Amino acid sequence: MSGVKHLSMRIPWRDRPWDQFLCDDPKGNSSCTLLAAIGKGRDDEFEAEHAGAPVGSLDHDRLPCLSERATFMSPVGYTVVKEHPYSYNQALRGSLLPTSLSVPGYAFEAIPFRWLNRASLNDEIGHARVPAFEQLAEDHTDRVLNSRANWVMDGGNQQAVIESFFEPVAPRDSLVFVYLKHSPLQEQRTDRLLVGAAHVTALTRPPMWNQGGKPPFDSSMWETIVQHSLRPGMTEGILLPYQELVSLLDGGTDIDRALAWAPEGRDVEFSYVTEHLSDDAAIESLASLRSAAEGMRELGIDVPESATTWLTEQTERLWQLRGPVPGLPGVLALIGVQQPYVAARAVLTEAGEATDPWDLLHGVFTDPARAPRALRAHVGPIQARVWNRIPAERQAVLRLLSGFDIGPDQVRMLLEGDTEVELSTEELLDNPYYAATCTYGQPLHVPFTAVDRAVFPPAHVTWRPPVPDEAGLDDPLDRRRVEALLTEVLERQCDQGDTLLPVGEALEHIRLMAATGLPALNHDLLTGLDLHHDGVVDCPDWSPLTAVRLADGTPAYKLARLEETADVVREWVAAQQARPPLGGIDDARAVLDAVLDRDSDRDGAGDAVHAAELEERARAEKAAGLAALHDAPLSVLVGPAGTGKTTLLRALVDYPGVAAGDVLLLAPTGKAKVQLETKVGRPAKTLASHLSATGRYDAESGRYLVWGEARARRGYGLVVIDEASMLTEEMLAAALDSFTGVKRLILVGDPCQLPPIGAGRPFVDLVDRLRPDDFPTAVRVAAGYVELQVPRRQLPDGSHGTRHDLELAAWFGGGTRGAGDEAIWDELAANPGLPTLQYIPWGGRTAVQALTDALGQVLGLGDKEDPVRAFALTYGGSVNGDYLNWQRGAGIHAEAWQILSPTRSRAFGTVELNRHIKRVYRAGDTEWAKKYRRANIPFPIGPEEIVRGDKVMQTTNKRMKAWPRENAMDYVANGEIGVALAWPTPAAKRKKHTLKLGVEFSSQPGHEYSYQPSDKDDAPLELAWAVTVHKSQGSEFGTTFLVLPARANLPRELLYTALTRQKDRVVILHEGTLADLRAFAHPSNSETARRLTDLFEAPQPFALDVRGQTRRFDRRRMHVSADGTPMASKNEVIIAGLLDRLAPGRWLYEEPLTGADGRVVRPDFTVAAEDGRTVFWEHAGILDLPDYARKWELKKEWYARNGIEPWDKGGGPAGTLMWTDDLDGADARAWLALASQVLDTEPADSGSATATGTGPARRAKKTATRRRRP
């Protein structure tokens, strides 16, 4: 109970263990360049030339990563020369001189940036925590500089702040925790990643800057040298060998268990480079490091036993050091103590180990005059009077909250019951875990661990937690604790997309969390605690949990709030479906033809007969779809890119009477909203902006809320929600909850794209619910369901023909229709340069080399005399005489082409690809922006040094003023892509530092937004010649370049999304082979199928071995045979069942077959007949589609050339070919009869030939409703 603080320390990612050598592949390490100091200062070519070299052999001043603590594990120190950032200020010129900083081995440069920032020092930390701070000295510096600085400027104040920050940091007692902000392991999460921990062994305060003459005020350096105890042997610390995980990640191994994430709710502690950590934060960080170390061992990566022994020792030490009241400052602040942190430390020091801090405080409140001297300055008669007039119940709550490691705002929130779920002081005293379970989703959420550490400390501590005896929390197996722990597990799984969790999985997650003193849970214990299925369902009190049944009847847990939001969706969907049809459109074809003929440019050259055939099919399905959308109160409109979903919407919206009662167009993101209103020609809104007005979206927390009739609603004649695959269940529920009624609701999207970020996959579930089992014709339109299948995008030359790009995409979207679709792989192998699809292997080149060559070839840069200028002209640059300019009008060309990558980091990630383009094509403007010239352009922005002429992406949704004002949208959406603009401005006319960078976005041509140059890490813009596939969702580009490494853990939905972003052509730059690419299409590579949801149907979880690891999937989202083999379609599963009866153990699925021409095909089934023949069974699918039927005939010809003849011709010398199709639907009886004839055998039993299913799931309903604050 000494008030000791620990430190966090940010480091950059390295491909080595942060030792005394440069990275082995500096250009492959782009993660570090996202830190501004490295991004702006790294000389890529210099570091590449000296890759792996000892740092001591190089010029330290050319290595910006040193001062970012990149070599904190080096036994050898370094010396760098620092320049004061204000040394060029006119008032300080010549008085602040370059100053050397020497850092010993095994040490950090530590700067507490948040404390040295004036605003945060004043508003968050408080000047009271820096007693020697003098405001008058800061006022003086402002007068000298003739401006108000953002930072503490006076040298005396700087040293006072630094001294106060490091004063509670005690060598040997304090620990330092090392973390990453960016790394290859953090692609899917923005949380900080813990790397290791050690003792702080020594602190060296910074000196003053070298000064010349008589400066107007002193200036101190900021870098405190912090030495640590961690060494390679890890006897006094731990360092996780994260570099060894990268190859496992690339190979598809699940590495989550081996990652040590920073504790929840500790964003401040793990930001600002160096910050304080409390004992609680340190304890939780140690637990995270231990869990990751165990996870690494499970993966075969060695972590020394000495490291985990050290973790155990430090955890036990810190538990005692923690004491009973880490939240005391928040309580003292509530009763008016002016310096609550200083006062709390005084209380702990005075109490020591022997006295309960609350016993001491009770005496002070009873008689302030007799308070120990150290406390009198903080707690006087006023504070005592305030405390003594607080009702006893609230006093008990405050004592309880003092045991939680929470801040003053969280104390106030809990005391006042300002929680998402209503919470009284009586309820909180009865169940302290409500502090966690009633605040999920709030910015001030109290983590489960904060409560649990206060209530159940380990047995070895000598202090007693301030939990009231009346709470009765004596047994570690208390139901309230286990219930809260289950809730925490379910909330974490929400982030992974699950809305429910089987009981067994929940228990396994709890085992891995290893809560203090909690025995291993099992089903019997849960039953004894009334936390089994029926116990949860029948619980009369409010609970954050409910229980549901899986498809096989086994129990699962679910968050009550998710069940409530699911019920909103279910009830709304059921009510909308129950409404009578609205009537079709008798002349739908004529209406559609009028729209298409008005907008069409379909008269291109090409195969006229084939084009006319496709056009007729496309119009027929759209006409049927138009009538169905008009008729149904609830519809889904699905289909891949290029099939005309937006065209169909525009035809519907423009049809007379549809717009009556108002039209509301919604999209989940700002970029999708801009796209929607541009294409449909009517105003659109983001879902967040629509819901914010009625409180159904909380911008501070990003939470979507259901309020029912408690908040305003309104009705519409037509509501369209575009990009619906991006909706979580809560987003959809909040949207539906905002309507009193809707005449027509249409959800539009592509269910094959990436699932939403968050819980559920409601669009996929709704599509499954509305899609009929069979369609009578090839047109997939039914009541409430419209699926467009026929792509009508032209070829790049304007003609019509086969869109090979979309045929390839279909493999990753589950859109293949039978054996004939395999032809795309053969065509691509034979001709990798198809009109809409180009496949280019890296061929021993690096990613940037392959990309550079492809850009030169496709964009026509290779034969240009000035490739730099030629490159600029491809996306908006313009030539005026001898000058290349970037002016308004450039933005419309920003999406003419686009580079896509699955990741931000690594040599093939967007960060390095963008840096490469800057190095090769944009060096001139970048250098110009950094310097002062006769004519200037704005300074660079952010760590990527964004300047005029750069292609950029907006990173946040923001309202901004656009110019010109006429028809300006005054809004920029996250994900919008544009071009940075600037005219050279004479220095004599305007000072360089006043120049702002303009950006014209492709979606808002003719309008320009202004951005202030800044060197902050988190800039509002990022480079966008290359963007991640995730960020491209909802966008369309002319030509795309998809950069794919050979080994990467890529879900099939990501590949599908990437292969449907182009309008003209996609160029795949692949490190691997076509076989490697095809492997990504395997059903087990589905992210959507891994999610468990029960929106309309109970899930069927099953385990599948994927690359040596067991992974859980929902059988409803994956076609799986009886033996657990994933298959491409449900009809193939039926056939597998037939073969189990006809040829058990004698068939293989998709076994490769190599022909005489070297072509490799994968017959659906290869069967060894009893008479020795090999029978190849292909399911030919939808043979009534002419283009597909042609492909099937070509495949049959290939079989014949390789000695495999049809069964009705007696077969061939190399085998017999048989096939089935879908012309009569899934006619399993006919297939069985045919197979019996071909294989000359009878089925083993007479059971049903159709696939078996399960009965409807029983869903539990809670009797107690969730209580929201009004």
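This is a predicted model: local features need pLDDT of at least 70, side-chain atom pairs count only at pLDDT 80 or more; totals for chains, interfaces and linings use all residues.
Biologist: Why are helix α41 and helix α43 called oblique to each other?

Modeller: The axes of α41 (residues 1130-1142) and α43 (residues 1228-1239) cross at roughly 45 degrees. Angles under 35 degrees count as roughly parallel, and 65 to 115 as roughly perpendicular. The pair is therefore oblique. The crossing is also right-handed.

Biologist: What makes the contact between these two helices?

Modeller: The axes come within 10 Å. On α41 the contact residues are Asn1131, Ile1134, Ile1135, Leu1138, Leu1139, Arg1141 and Leu1142. On α43 they are Ala1228, Trp1231, Leu1232, Ala1235, Ser1236 and Leu1239.

Biologist: How many residues of each class does the contact of α41 with α43 have?

Modeller: Ten are nonpolar, two polar and one charged. Arg counts as charged, and Arg1141 of α41 is part of the contact.

Biologist: Which stretches are domain 2 and domain 3?

Modeller: The domain assignment gives 323-474 for domain 2 and 475-580 for domain 3.

Biologist: How do you know that domain 2 and domain 3 are in contact?

Modeller: Contact means heavy atoms within 4.5 Å. By that criterion, 17 residues of domain 2 are in contact with 15 residues of domain 3. The centres of the two domains, taken over C-alpha atoms, are 31 Å apart.

Biologist: What area do domain 2 and domain 3 bury between them?

Modeller: About 1,400 Å², with 63% of it on carbon and sulfur atoms. In domain 2, the residues that lose the most area to domain 3 are Tyr440, Phe448 and Phe456, together 38% of what that side buries.

Notes
Residues are numbered from 1 along each chain as its sequence is written. Side-chain values use heavy atoms; hydrogens and water are left out. Axes are lines fitted to C-alpha atoms, for helices over the stretch in contact, and angles run from 0 to 180 degrees between N-to-C directions. Helices (H or I, at least four residues) and strands (E, at least two) are DSSP runs, numbered from the N terminus. Angles under 35 degrees count as roughly parallel, over 145 as roughly antiparallel, 65 to 115 as roughly perpendicular and the rest as oblique. A crossing is left-handed if the near helix is turned anticlockwise from the far one by less than a right angle, and right-handed if clockwise. Domain bounds come from an automatic or database domain assignment. Buried area is the accessible area (1.4 Å probe) that two parts lose on being put together, summed over both.
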